[in-house]
Amino acid sequence: MEGLSVADANLLMYLHPSKSRNVSQSILRELGSLPFKFNETFDGVLLAYDVNILDKQAKILSGVHPYFGLRLKANLLLFSPKPDMLLEGKVVKLSQESIHVIVLGFSSAIITAENIHGEFKYRTKDKEELFASKSHKRHVIKVGTMI
């Protein structure tokens, strides 16, 4: 699927000295707050990460609140959708004006009536809403369909 990418990143993480007792747990806790939120630094949504600590000794930064910095090497799985990109998703709701889709199990997308191909016509069959193709009878979009 378009929009998924793997990136190698060199990160610098600053931790408070109170977190120095268990550094690896503190790093994972900080990184654990990033997944499934858009991050401008990564220009996308972080889905998964694998991190290695490069420094065996941290550098203490001077200032009012001294922090120490650690260099990290991380492999990141990013989701960065762009306009006109092809994505796959599961249909969760249909209406005459739109198709609602969940992409990758966490991101919501809506296809409006202007963007639904003219070949498809909205119908209600046996109290089930669907978009049916005019040229291919078996080609239908209904709740649960992957598009």
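Predicted model: local features only at pLDDT ≥ 70, side-chain atom pairs only at ≥ 80, totals over all residues.
View A. You'll find Lys93 in strand S6, which covers residues 90-94. Now look for Val143: along the sequence Lys93 and Val143 are 50 residues apart, yet their C-alpha atoms sit 5.9 Å from each other in space. Leaving out residues up to four places away in sequence, Lys93 touches Ser98, Ile99, His100 and Val143.

View B. Is Ser133 buried or exposed? Ser133 is buried, because its relative accessibility is 4% and the cut-off for buried is under 20%. This serine belongs to strand S10, made up of residues 128-133. Which side chain does Ser133 meet in a polar contact? That would be the side chain of Glu119, at 2.4 Å. Glu119 also turns up in the list of residues that Ser133 touches, along with Phe120 and His139, once residues up to four places away in sequence are set aside.

**View C. Asn39 in strand S2.** Here's another buried residue: Asn39 has a relative accessible area of 16%, so Asn39 falls under the 20% limit for buried. Strand S2 is where Asn39 sits, and that strand spans residues 38-39. What does the side chain of Asn39 reach? Follow the side chain to the backbone nitrogen of Thr41, 2.8 Å away. Asn39 also touches Leu34 and Gly44, with residues up to four places away in sequence not counted.

**View D. The salt bridge of Asp43 and Lys82.** How many salt bridges does the count come to? The answer is one salt bridge, and here you can see Asp43 paired with Lys82. Their closest N and O atoms are 3.2 Å apart. The two partners come from distant parts of the chain, 39 residues apart. Asp43 is in the loop between S2 and strand S3 (44-53), while Lys82 is in the loop between strand S5 (67-79) and S6. How open are these two residues? Asp43 is partly exposed, with a relative accessible area of 42%. Lys82 counts as partly exposed too, at 39% relative accessibility.

**View E. Where domain 1 meets domain 2.** Let's step over to the two domains of the protein chain: domain 1 takes in residues 4-79 and domain 2 takes in residues 89-146. Five residues from domain 1 and four residues from domain 2 make the contact. The C-alpha centres of the two domains are 40 Å apart. How much area do domain 1 and domain 2 bury between them? They bury about 320 Å², and 96% of that is on carbon and sulfur atoms. On the side of domain 1 that touches domain 2, the residues divide into five nonpolar, no polar and no charged.

Technical notes:
Residues numbered from 1 in each chain as written. Heavy atoms only, no water. Domains from an automatic or database assignment. Contact = heavy atoms within 4.5 Å. Buried area = accessible area lost by both parts, 1.4 Å probe. Nonpolar A, V, L, I, M, F, W, Y, C, P; charged D, E, K, R; others polar. Helix = DSSP H or I, 4+ residues; strand = E, 2+ residues; numbered from the N terminus. Buried < 20%, exposed > 50% of the residue type's maximum accessible area, 1.4 Å probe, protein only. Polar contact = N/O pair within 3.5 Å; in protein donor to acceptor, adjacent residues only side chain to side chain. Salt bridge = Lys/Arg side-chain N within 4 Å of Asp/Glu carboxyl O.
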